[in-house]
Amino acid sequence: MALNPTSSLHREIASAIRQFDLCRPGDRIIVAVSGGADSVALLDLLATQPEFPLQLVVAHLNHGLRSSESDQDEQFVQQLAAKYGLTCETESCDVHDLARQQRSSLEDAGRTARYDFFQRLRTSYQASAIAVGHHLDDQAETFLIRLLRGAGTTGLASMAPRTATGIIRPLLNISRQELRRYCTERQLPFREDSSNSDLSFLRNRIRHQLLPLLTGYNPSISQQLATTAHLLGEDETLLDHCTEAVFNQLAQIGAGWIALSLQGVAAHPRALRLRLYRRALQTLRGSLQRYELRHFLLLDDLRQGNQTGTTCNLPDRIEAMLTGRHLLLAQQAVLHPSPLQVLQLPGPGTFDLGNGLNLTISSTNAVPHWHQLPPTTCYVDPQLAPFPWVVRPYAAGERLELLGMQGSRRIQDILTDLKIPRHLRPCLPLLCQDNRPLWLAGIRRTRHALVSATSSERLQVTLNGFEKLPLFI
């Protein structure tokens with residue numbers, strides 16, 4: 001395997017690395033090697049790259065789809081890595097079973113398993129990136145697959161040279177034919193995957209039937225499609241930057257929920273609104289798997305309805321709701337918390353209230369400045385309000401004698417003024433002593449049992465986890 005320093009593909013790879021900042025000299029890279037010509041060429045080009053010496057780790061996932069042929073592929077990759085003196089990491093996966101569990105195709109399940117394996121290796125080896133062998137013809141095929149399935153510009157942008165998850169694709173400007181010719185010239189053995197001729201897979205039908213047909217109209221069709229995908233990718237990068245800037249202005253993010261300002265969203269054209277919904281769901285779920293254009297259009301219709309309290313259900317137990325000023329996207333458990341149970345508090349300590357909330361009661365010497373306290377903290381004089389205390393939901397018609405006010409107000413009116421969503425009100429803790437409300441925790445304090453400079457005992461009561469609830473939106 002003598003290095004040919006004048007190889008055009010070495011120069012092509014070096015150019016791609018510089019242009020897209022794929023890696024730096026000395027970086028540790030996980031190289032995905034299936035054993036086919038594309039990944040074998042990728043490994044050799046990286047291992048013999050004169051301008052960018054790298055620390056390589058070979059990775060191979062045995063999908064178990066082709067019986068002994070899959071096992072032979074694994075052995076081949078192990079032997080190939082040994083020839084370069086490289087570490088080889090392999091793993092086996094039952095892709096058939098994974099596809100059943102995920103209710104997905106074999107292709108999608110295999111892709112999920114591969115990238116999960118690669119990412120675990122990247123973390124384990126603290127690698128800077130994962131190199132995969134996607135090339136120009138793969139880009140063209142992916143473009144056509146997504147076009148046939150009705151993708152928009154985001155989908156048609158296809159594969160990027162580098163992704164946010166650390167995937168790098170140094171071969172995107174190189175054709176399958178060039179890679180095979182390189183393997184032949186370098187006398188590099190590789191494996192032929194028999195499933196690549198199985199026409200039950202859409203990609204294979206595109207590769208063996210549709211692309212040859214389109215070549216009759218344009219002999220450079222793969223190059224043209226890949227170029228189109230690249231240009232769309234450049235536009236997508238720009239649009240992502242625009243979307244990110246607007247999203248950061250309009251979004252509030254909590255634990256299991258995201259709220260978008262209705263007024264802010266309405267000020268933008270529909271194309272950007274749809275991207276904002278995509279961005280919000282991507283942040284909330286970590287992926288957009290199972291989401292389609294119709295779901296984003298559904299959210300836009302919901303927004304335009306402008307009826308507070310209206311909801312719609314989305315995949316994976318995500319629910320959208322209109323509040324007074326926001327479009328709230330949340331996990332259903334967040335929007336439908338368990339009602340607060342009555343809990344007796346015998347003395348200081350920490351008490352679990354459910355829904356991620358807990359109440360801590362502890363002794364303190366502090367004298368509070370009431371108007372500077374956060375709403376999640378209250379001070380009580382235990383001589384004026386001796387234990388036991390009780391935490392419970394507020395009752396219909398119940399009133400609070402508020403600190404700094406004469407008379408009393410109905411709790412329901414207070415919550416309405418604050419625009420607290422009705423579905424979250426049953427989980428709000430009301431702290432009472434002998435059925436006398438002391439504090440609607442996180443919301444308002446009463447004028448009873450207040451700590452003063454003359455108090456001989458002082459208790460600090462803190463509500464934890466309150467900021468995670470989407471209350472004030």
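I searched the whole structure for disulfides, meaning pairs of cysteine sulfur atoms within 2.5 Å, and the search found 0. I noted that this is a predicted model, in which local features need pLDDT of at least 70 and side-chain atom pairs count only at pLDDT 80 or more, while totals for chains, interfaces and linings use all residues. Residues are numbered from 1 along each chain as its sequence is written, and side-chain values use heavy atoms, with hydrogens and water left out.

Next I looked up accessibility, where buried means under 20% relative accessible area, exposed over 50%, and partly exposed in between (1.4 Å probe, protein chains only). Cys242 has a relative accessible area of 39% and is partly exposed, whereas Cys312, at 12%, counts as buried.

I then turned to the strands, which are DSSP runs of E of at least two residues, numbered from the N terminus; two of them pair if DSSP finds at least two bridges between them. In strand 14 (residues 377-380), Thr377 and Tyr379 point one way and Cys378 and Val380 the other, and all are buried. Strand 14 runs antiparallel to strand 21 (residues 459-464), with 4 bridges joining them, and Val380 has Leu459 of strand 21 as its bridge partner.

Last, I traced an open sheet of 5 strands in the order 11-15-18-19-20, with antiparallel pairing. Strand 11 (343-345) and strand 20 (444-445) stand at its edges with a single partner strand each, so one side of each has no neighbour in the sheet. Strand 11 is joined to strand 15 (residues 389-392) by 3 bridges, and Gln344 stands opposite Val390 of strand 15.
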